[in-house]
Amino acid sequence: MNERKFLEKRDKWLKEVANGCHDLAIEYPENPDFYVFQSDCKIENPDLLIIGANPGKYVKYLDKMREKGLIRRYEDNLGYDTNQYIENENNPEWKINKPILKMFTEANARKALENSVIMNVVYFNTRKVDDLKRFENGKKMIEFSIEKTKELIYKILKPKNILFLGVDAPKWMKINFIKENDTVLKTDDNLFLIQSKLINGINHFLIYHPSMNQKFNTGKNLELKKNYFNKYFENADASS
């Protein structure tokens, strides 16, 4: 679609997400805050979509709005306008981005990372997605988020590649990676480092969460992943 059509669809989606999440969040005073993005979302067909399970760190929606001096979250306040992985490259308090930055070092891979869209499958802030189920309308929060995430990915954004951070993220979208069929890179002791699955013409990659599972995100295993992704994006650029 052309840029104007893409932006119209994206803006309609943003408004629907802001209104839907707000309506769910204000139903009960204990309900959590929400946000979607850790980057901007300005172009169709980005080279890379990075997607985690959920934002983490529970905070009440009403408390967060008071803290920010806001009445509610609108469509222009669903996350960040800049790529937070790049913005916090030298921030020692940020852990999640460090292995990703080391994986995407060569020119084409780095370019894909710098222009990536970063978001979550589920938008509401709890430590784990399952924790939402303790809220009265928590299941609705999960279902609404998943539905809108799928809509954005496959009908509006249409990224060239998707990178799931951690096994929970694809699980909530009912995407099942099978070790025997989908593993494209292994450790020396035959554990997966990267799995890959083609869905709707989009390569979906899965890695262990970069802020956990240190065995898979340091040393030789991190180097193996770096080599894989750098070669992948070099070849992707050459064929485009």
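**Reading the terms: sheet, core and cysteines**

Author: In this predicted model, a polar atom of the side chain of histidine 204 lies 2.8 Å from the backbone oxygen of isoleucine 202. The discussion begins with this residue.

Reader: What makes this pair, histidine 204 and isoleucine 202, a polar contact?

Author: The limit for a pair of N or O atoms is 3.5 Å, and the distance here is 2.8 Å. The pair therefore falls within the limit and counts as a polar contact. The side chain of histidine 204 also makes a polar contact of 2.8 Å with the side chain of tyrosine 154.

Reader: Is histidine 204 buried or exposed, and how do you know?

Author: Histidine 204 has a relative accessibility of 0%. Buried means under 20%, so histidine 204 is classed as buried. The residue is part of strand 6, which covers residues 202-207. Beyond four places in sequence, histidine 204 touches residues including Tyr154, Phe164, Phe177 and Gln195.

Reader: In what order do the strands of the open sheet stand?

Author: The sheet has six strands in the order 2-1-3-6-5-4, and their pairing is mixed. Strand 2 (117-120) and strand 4 (183-186) are the edges: each has a single partner strand, so one side of each has no neighbour in the sheet. On average, neighbouring strands are turned by 20 degrees against each other, direction ignored.

Reader: Which polar contacts does the side chain of asparagine 161 make?

Author: A polar atom of the asparagine 161 side chain lies 3.0 Å from the backbone oxygen of aspartate 47. The side chain of tyrosine 232 is a further partner, at 2.4 Å. Both distances are within 3.5 Å, so both pairs qualify as polar contacts. Asparagine 161 is 111 residues from isoleucine 50 in sequence, yet their C-alpha atoms are 8.6 Å apart.

Reader: What makes isoleucine 26 buried, partly exposed or exposed?

Author: The relative accessible area of isoleucine 26 is 42%. Buried requires under 20% and exposed over 50%; isoleucine 26 is therefore partly exposed. Isoleucine 26 sits in the loop between helix 1 (3-25) and strand 1 (49-52). Its C-alpha atom is separated by 7.6 Å from that of tyrosine 61, which is 35 residues away along the chain.

Reader: How many disulfides does the structure hold, and how do you know?

Author: There are zero disulfides. A disulfide needs two cysteine sulfur atoms within 2.5 Å. The cysteine sulfur closest to that of cysteine 21 belongs to cysteine 41, 15 Å away, which is too far for a bond. Cysteine 21 has a relative accessible area of 0% and is therefore buried; cysteine 41 is also buried, at 8%.

Reader: Which residues touch the most other members of the largest nonpolar core?

Author: They are Ile100, Phe104 and Leu163, in a core of 70 residues. Beyond four places in sequence, the contacts of phenylalanine 104 include Leu48, Leu113, Leu163, Phe229 and Phe233.

Conventions. Residues are numbered from 1 along each chain as its sequence is written. This is a predicted model: local features need pLDDT of at least 70, side-chain atom pairs count only at pLDDT 80 or more; totals for chains, interfaces and linings use all residues. Side-chain values use heavy atoms; hydrogens and water are left out. Helices (H or I, at least four residues) and strands (E, at least two) are DSSP runs, numbered from the N terminus. Buried means under 20% relative accessible area, exposed over 50%, partly exposed in between (1.4 Å probe, protein chains only). A polar contact is a pair of N or O atoms within 3.5 Å; within protein, one must be able to donate a hydrogen and the other to accept it, and residues adjacent in sequence count only if both atoms are side-chain atoms. Contact means heavy atoms within 4.5 Å. Two strands pair if DSSP finds at least two bridges between them. Axes are lines fitted to C-alpha atoms, for helices over the stretch in contact, and angles run from 0 to 180 degrees between N-to-C directions. A nonpolar core is a set of buried Ala, Val, Leu, Ile, Met, Phe, Trp, Tyr and Cys residues joined through side-chain atoms within 4.5 Å.
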